[in-house]
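This report goes through some local features of one structure in plain terms. The sequence and the coordinates are shown first.

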Amino acid sequence: MKRYSAFAVAREALSYHTGWGRAWRAPEPKSRYDVVIVGAGGHGLATAYYLGKNFGITNVAVLEKGWLGGGNTGRNTTIIRSNYLQDSSAAIFEKARALYEGLSQDLNYNVMFSPRGCLMLAQTQSEVRGYQRTAHANALQGVQTEWVGPQRVKELVPIINIDGPRYPVLGGLWQARGGTARHDAVAWGYARACSAMGMDIIQQCEVTGVRREGGKVVGVDTSKGAIDCGKLGMVVAGHSGALAEMAGFRLPIESVALQALVSEPIKPCMDVVVMANTVHGYMSQSDKGEMVIGGGTDSFNNYTQRGSFHHIEHTLAALIETFPMVSRLKMLRQWGGIVDMTGDRSPILSKTPVEGIFINCGWGTGGFKAIPGSGWAFAELMAKGHAPLADDFSLDRFTEGRFIDESVAAGVAH
Amino acid sequence: MLILTCPCCGVTAEETEFAAGGEAHVKRFGPGASDEEFRDYIFARENPKGVHFERWRHANGCGKWFHAARCTITLEVFGTYSAQTTTPPKAICAAITAKRPGWTWRDFA
Ligand SMILES: Cc1cc2nc3c(=O)[nH]c(=O)nc-3n(C[C@H](O)[C@H](O)[C@H](O)COP(=O)(O)OP(=O)(O)OC[C@H]3O[C@@H](n4cnc5c(N)ncnc54)[C@H](O)[C@@H]3O)c2cc1C
Ligand SMILES: [Zn+2]
């Protein structure tokens, strides 16, 4: 692997940039690995990376049925924040946000982390109380957030209409160190670093079965043949139910389509991320100038990767009151991803009923921001059997009634 | 767009006229049940990629609950039927078998 640097750009210029080579290898699978990770989204790749970096486990394969980052990691609106209510959530999301700050240097790959600030609008009295409570909770958790009034909101976001009439802006929860990152680059950066450690990232390799002996995992069947493994990590987001079924257990998860859309590119008009949960819309501006808009989730489970049409109208109708200029924009593209929703809207990082199988899923509508922290915690869980950041998110919380309830704190959880 | 026919009033309409009510035929567990049974009743779901039995309410119509059999990949509806059943009727199962030979769902298939 060639290191990327300003010097390298100059050096490669001498050969007209024809000498860069592939960023990661494209190997055929070996017959056995110590660890097999299913799913080359951000979470699967980050898990592999920290297995190697923090625990020296490098005989690892990451199997991906499609292309790298082609799941939700490449379909999301890239909002990064850590202003959650519950302590367990704040710990893992803040770890992730902090890791994002140094990720480009760590991976030697520009993930374009842009800590431009994230503002969650309060447009009802209950949201005012809810976010003030979150701001206090964050202060105790050591997560830097601040409750701001309507005038400060207007300063931060000049294009906003704070007067209503239906949903006036009453204030907001401001996390100055939140922001966005380039989604593809996060997957590519981790993939390149994993490949450099000698791990195999195998695309177009679908896992079709999980082989067990005596209650213990011994390998997987794939579209590229059988592969043995010591440990298996399932990190497949919306397809977790299908993978669990192959291994013979059920999950407290339902999969639904969540959509997003982008407008035509316009000149810079908004340099923060704004989320409006009451009207259910959120928006940021990409480096290309497109307004990136998050839409709704379907109310019934499905795997369409498209989402119901009426959500688009609903989302835009809601945004137009708060951002009147949106009414003049043409929308360019719309797409959907299959998100994995748990009962308490918190993720699952856990051992499973099958020895040697670990599962990382349930990030639902809001797991892009968690990728580095989730990989960090899940790698530790897979290497050592427990991990301080992951233990609260185990599957048995649903049996014990020990929920990590984030659904009340944020109606939508991006 | 998902289109459903309400078996209670016979109206065919698109999804915005209905409200989704989640998985159907979930066995209820109450006092005296084990923690695992109660967990499964509240949280564990089939969440299949394929044939799914589910509850709907004709919210902006007659207001009644009913059941539907639907494919979660294509959104094809195999049929709708009364909510007053604990298992899908034979005709519905036959309609599914005609289109998805070899389908499974708990012990119903
Ligand atoms: C429209 C939209 C907007 C979003 N906005 C935000 C946001 O603003 N901020 C935020 O933090 N989060 C957001 N999210 C959520 C975020 O995208 C996800 O939580 C996160 O990307 C999940 O990453 P992952 O690696 O777990 O899953 P994925 O990226 O989906 O990766 C799972 C991979 O597993 C593969 N796979 C599945 N089955 C198999 C199999 N049998 N064999 C082999 N491979 C398999 C899939 O092909 C896929 O590539 C959004 C999601 C969507 C859909
Ligand atoms: Zn009806």
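The buried residues of α9(A) are covered by elements that include β4 (118-122), β12 (253-265), β14 (281-285), β15 (290-297) and β16 (331-342) of chain A. Contact here means heavy atoms within 4.5 Å. The helix spans residues 310-322 of chain A, and its buried residues are A:His311, A:Ile312, A:Thr315, A:Leu316, A:Ala318, A:Leu319, A:Glu321 and A:Thr322. Buried means under 20% relative accessible area, exposed means over 50%, and partly exposed lies in between (1.4 Å probe, protein chains only). Helices (H or I, at least four residues) and strands (E, at least two) are DSSP runs, numbered from the N terminus. As a general point, an α-helix has 3.6 residues a turn, so residues three or four places apart point the same way.

The model is predicted: local features need pLDDT of at least 70 and side-chain atom pairs count only at pLDDT 80 or more, while totals for chains, interfaces and linings use all residues. Residues are numbered from 1 along each chain as its sequence is written, chains are lettered from A and ligands numbered from 1 in the order in which they are written, and side-chain values use heavy atoms, with hydrogens and water left out.

Chain A also holds a helix pair. Helix α2 (residues 42-55) and helix α7 (residues 183-196) of chain A pack at an angle of about 35°, with their axes 9 Å apart. Axes are lines fitted to C-alpha atoms, for helices over the stretch in contact, and angles run from 0 to 180 degrees between N-to-C directions. On the α2(A) side are A:Leu45, A:Ala46, A:Ala48, A:Tyr49 and A:Tyr50, which meet A:Ala187, A:Tyr190, A:Ala191, A:Ala193 and A:Cys194 in α7(A).

A:Ala48 is also one of the residues touched by A:Val60, together with A:Tyr33, A:Val35, A:Ile37, A:Leu51, A:Met199 and A:Asp200, not counting residues up to four places away in sequence. A:Val60 lies in strand β2 (residues 60-63) of chain A. A:His239 sits in the loop between β11 (225-234) and α8 (240-247) of chain A.

Which residues of chain B coordinate the zinc ion (ligand 2)? They are B:Cys6 (SG), B:Cys9 (SG), B:His58 (ND1) and B:Cys62 (SG), at 2.0 to 2.3 Å. Donors are N, O and S atoms within 2.8 Å of the metal (3.2 Å for Na, K and Ca); water is not among the atoms, so sites may look incomplete. The donor residues are spaced C-x2-C-x48-H-x3-C in sequence. Distant parts of the chain are linked here: B:Cys9 is in the loop between β1 (3-5) and β2 (12-14) of chain B, and B:His58, 49 residues apart from it, is in the loop between β4 (51-57) and β5 (65-71) of chain B.

Two residues other than glycine have a positive phi. For A:Gln204, in the loop between β8 (200-202) and β9 (207-213) of chain A, phi is about 50°. For B:His25, in the loop between β3 (19-23) and α1 (35-42) of chain B, phi is near 60°.

The table lists the accessibility of residues named above.

| Residue | Relative accessible area | Class |
|---|---|---|
| A:Val60 | 0% | buried |
| B:His58 | 1% | buried |
| B:His25 | 12% | buried |
| A:His239 | 17% | buried |
| B:Cys9 | 36% | partly exposed |
| A:Gln204 | 59% | exposed |
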